[in-house]
Amino acid sequence: MIPLEWMPPLMFGGLILFMLIGYPVAFTLAALGLTFGFLSVEMGYFPPEFLQAIPARIFGNVLSNELLLAIPFFTFMGTVLERCGIAEDMLDSMGQLFGPLRGGLGYSVIIVGFILGAITGTVAAQVIAMALISLPVMMRYKYNMRYATGVLAASGTITQLVPPSLVLIVLADQLGKSVGDMYLGAWGPSLLQIALFILFTFVISIVRPEWVPAVPKEDRTLQGWALWKKCLWGIVPAAVLIFLVLGTLFMGLATPTEGGAMGAVGAIVLAVLRQPSLGKQRSIFWIGIVAGGIAAIIGIFAFKSLPFQVAIAVLYLSIVFMVVKAAAIPALRELIRQAYQTTMRLTAMVIFILVGSTCFSVVFQGVNGGPWLEHMLSSLPGGVWGFLIFVNLFVFFIAFFLDFFEIVFIIVPLLAPIAKVMLTPVVGEDAALIWFGVMLCVNLQTSFMHPPFGFALMYLRGVAPKEVKSSDIYWGALPWVGLQLVLVALVIAFPMQVTMFLDKQRVIDLDKVQIEIPAEATRSTEDTDADIQKAFGPKAEEPKK
């Protein structure tokens, strides 16, 4: 007979043990949940009917969750964009724009990583694409190898924090908060992270200028308007796509799922536009864009009028033509097929982990795991700040062994109720979980940079030339991990950078609430009888006695 108070720590210990062994996390969670569930039923800790909550939650909170549809849309969009050549153009143009400066190639990698992060949301493709393009150039101009590999890996992980990050979507789902609020809260730390990376590069250019030399003038092939034109050709389409995804979301015109769907279609259209074989047929799309602008102007004065509908129809037809053209071009058809495969694998992984974590969390709460965890964390020395420091250190170290999806689906649901109670006095009830979620998102970036298991480092090792030593990749990552930990500390110390973009919480004094009911105008009995007779006909005559 296992005592009830032993069940939560045994479940948690079993989870850690099986993860260290290397058994798949999704199946570990499901097996532990069902095993301890059957044991609890046998020992009488809860009735067999309690386990009905597992399929109910799987079908109610996972398979029918429309928010999770945003994950395949954003994954598909990012995969298409990474393979259509936009990264190459942006890195080439930005490299020549910042080339005259010491550390110019580092600045260009950081800025392009930020822009790509705002339109892709996938670390693997971003690290690989930037490493294949920029690492040979950095090696040619004698950049310090540890700095070069570190900035490439760190800039690839920027996408984890910059909206529309997949991590922010699943965090919003697990914390029960709006994706839009989570995106707004992440902008402050995102911009601060870029500033830290640029500042670090600037300091290196002062202290160790030989590590980050400028690009010689004879190697800068573009000058003047030609250079700016190439920069704009990469930035303007990216900005339009960012507006389609994030602008419509922040303006309340689309949900995250709808924004992801528009982003997926926009990525296909952008990939078609970048195909040289399109030729003069490209003008069909520009006609659609002009029609869309005309529709926007007409809509201000005569929304849903016939001219408005005609202009919108022209825009839709041009987009349909571009999508059909994508299926007709062999190179793009292969690109889209690969994007579908990547999306399918990632989405299946997420759903399996969610099903397993649901089994685990239902049984864990059934054996009083929530109160056990709350008592353990709330009794830590230091109060709120001790809780935050402990949680972030715990997430930092467990990220050595777990993927960020696994951490979000396993750890966050257990910590969310405790975080809401403890953080509400600091930033208010509405912003408490947003602050906590963004803080964890910043911390989870380090899971891609941990030597020796960081996935970003493995991606970089896989595409780097043989002359790049693995030791340089691992040692080069450490300063950037330190910068990310500094950012975690800044988010903990200054929650205003997360909450300043959120709507202010409205405080309502219930004692001062007044409900006024307008008095109805008095009506005579004759008027009331006349209304009744009008509705139901005249009164029936009373029978004579």
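Tutor: Start with a term. A crossing is right-handed if the near helix is turned clockwise from the far one by less than a right angle, and left-handed if anticlockwise. The model here is predicted.

Student: Which hand does the crossing of α11 and α12 have?

Tutor: The crossing of α11 and α12 is right-handed. Helix α11 covers residues 224–250 and helix α12 covers residues 256–273. Their axes lie 8 Å apart, at an angle of about 165°.

Student: What makes α11 and α12 roughly antiparallel or roughly parallel to each other?

Tutor: The angle decides. Over 145 degrees counts as roughly antiparallel. The pair packs at about 165°. Therefore α11 and α12 are roughly antiparallel.

Student: Which residues make the contact?

Tutor: From α11 come Pro237, Leu241, Leu244, Val245, Thr248 and Leu249. From α12 come Pro256, Gly259, Met262, Gly263, Gly266, Ala267 and Leu270.

Student: How many residues of the contact of α11 with α12 are nonpolar, polar and charged?

Tutor: Nine are nonpolar, four are polar and none is charged. Gly counts as polar by the class rule.

Student: Now α6 and α8. At what angle do their axes cross?

Tutor: At roughly 15°, and the axes come within 9 Å. Helix α6 is residues 104–117, and helix α8 is residues 145–157.

Student: How do you know whether α6 is roughly parallel or roughly antiparallel to α8?

Tutor: Angles under 35 degrees count as roughly parallel. The crossing here is roughly 15°. So α6 is roughly parallel to α8. The crossing of α6 and α8 is right-handed. Gly106, Val109, Ile110 and Gly113 of α6 make the contact with Tyr147, Val151, Leu152 and Ser155 of α8. By class, that contact has five nonpolar, three polar and no charged residues.

Student: Which residues of α10 and α22 meet?

Tutor: In α10 they are Pro189, Leu192, Gln193, Leu196, Phe197, Phe200 and Thr201. In α22 they are Pro479, Trp480, Leu483, Gln484, Leu487, Leu490 and Val491. The contact of α10 with α22 divides into eleven nonpolar, three polar and no charged residues.

Student: What makes helix α9 mostly covered?

Tutor: Ten of its ten residues are buried. Helix α9 is residues 166–175. Among its buried residues are Leu166, Asp173 and Gln174. The cover includes α4 (70–83), α10, α15, α18 (404–410), α19 (412–427) and α20 (429–444).

Student: Do Cys359 and Cys441 count as buried or exposed?

Tutor: Buried means under 20% relative accessible area. Cys359 has 6%, so Cys359 counts as buried. Cys441 has 1%, so Cys441 counts as buried too.

Student: How many disulfides are there?

Tutor: A disulfide needs two cysteine sulfur atoms within 2.5 Å. By that rule the count is zero.

Student: Why is Lys142 called exposed?

Tutor: Exposed means over 50%. Lys142 has 65% relative accessibility, so Lys142 counts as exposed. Lys142 is in the loop between α7 (123–140) and α8. Lys142 is not a glycine, yet its phi is positive, about 65°.

Student: And Asn368, why is that called partly exposed?

Tutor: Asn368 has 38%, so Asn368 counts as partly exposed. Asn368 lies in the loop between α15 (330–366) and α16 (369–378). Asn368 also has a positive phi of about 65° without being a glycine.

Student: What makes Gln52 count as exposed?

Tutor: Its relative accessible area is 54%, and the cut-off is over 50%, so Gln52 is exposed. Gln52 is in the loop between α2 (25–43) and α3 (53–63). Gln52 and Val362 are 310 residues apart in sequence, but 9.9 Å apart C-alpha to C-alpha.

Student: How many helices and strands does the protein chain have?

Tutor: There are 24 helices and zero strands. The C-alpha trace spans about 120 × 75 × 50 Å along its principal axes. Of the 545 residues, 49% are buried.

Conventions. Residues numbered from 1 in each chain as written. Predicted model: local features only at pLDDT ≥ 70, side-chain atom pairs only at ≥ 80, totals over all residues. Heavy atoms only, no water. Axes fitted to C-alpha atoms, helices over the stretch in contact; angles between N-to-C directions. Helix = DSSP H or I, 4+ residues; strand = E, 2+ residues; numbered from the N terminus. Parallel < 35°, antiparallel > 145°, perpendicular 65-115°, else oblique. Contact = heavy atoms within 4.5 Å. Buried < 20%, exposed > 50% of the residue type's maximum accessible area, 1.4 Å probe, protein only.
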